[in-house]
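Open the model in your viewer and keep the selection panel at hand. We will go from one selection to the next.

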Amino acid sequence: MPNVATVLREEITRLARKEIRQQVEPLKKANAELRRNVAALKGEVAELKRALRFLQKQEKRRLAKPPESESGKSIRFSPKWVRADRKRLGLSAKDYASLVGVSSLTIYNWEHGKSKPNAERLAAWAEIRGIGKREAQRRLELLYGKTS
């Protein structure tokens, strides 16, 4: 016949293990969720670092070359050219404005001849005027994140 003390000890051990398992299981799930979040954040940080390096390289290149107005050529502006360039790139006024660094209302006013860009914005517009559709989409993806 089994010893009562041995049976009692085994039952206590079994109940203790069951209780520990109930306490530890939610912690394991929370730990796994936190690890997934950390991995996702690390990926996001890596992507942001790549975008930052790209933008720093672009800015360095932009600053290295003199603006067109300083190199002897003046930048010419026409409301028709703004609309034609925006249509050529296939962009909405909002997206085109993001590329130039102004508001969509400003693009509307430029297109309708209600206002003209200042020298700084004129140089930014002239730079955008020279890019293609793929480059425009790539820059928008960098600005907005991977949406397409």
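The model is predicted, so to speak of local features we ask for pLDDT of at least 70, and side-chain atom pairs count only at pLDDT 80 or more, while totals for chains, interfaces and linings use all residues. Residues are numbered from 1 along each chain as its sequence is written, and side-chain values use heavy atoms, with hydrogens and water left out.

Start by selecting Phe77, Trp110 and Trp125, which ring pairs link into a cluster. Rings of Phe, Tyr and Trp (its six-membered ring) pair if their centres lie within 6.5 Å; planes under 30 degrees apart count as stacked, over 60 as edge-to-face and the rest as tilted. The count by this rule is 2 aromatic pairs. For Phe77 and Trp110, the ring centres are 6.1 Å apart and the planes at 80 degrees, so this pair is edge-to-face. Phe77 sits in the loop between helix 1 (4–64) and helix 2 (79–89), and Trp110 in helix 4 (residues 104–111), so the pair ties together parts 33 residues apart in sequence. Helices here are DSSP runs (H or I, at least four residues), numbered from the N terminus.

Now show Phe77 with Trp125: their centres are 5.3 Å apart and their planes at 70 degrees, so this pair is edge-to-face. Trp125 lies in helix 5 (residues 119–129).

Colour by accessibility next. Trp110, at 2% relative accessible area, is buried (under 20%), and Trp125 is buried at 0%.

Finally, select Tyr96 and look for its contacts (heavy atoms within 4.5 Å). Beyond neighbours within four places in sequence, these include Val82, Leu89, Ile107 and Trp125.

How values were computed: Helix = DSSP H or I, 4+ residues; strand = E, 2+ residues; numbered from the N terminus. Buried < 20%, exposed > 50% of the residue type's maximum accessible area, 1.4 Å probe, protein only.
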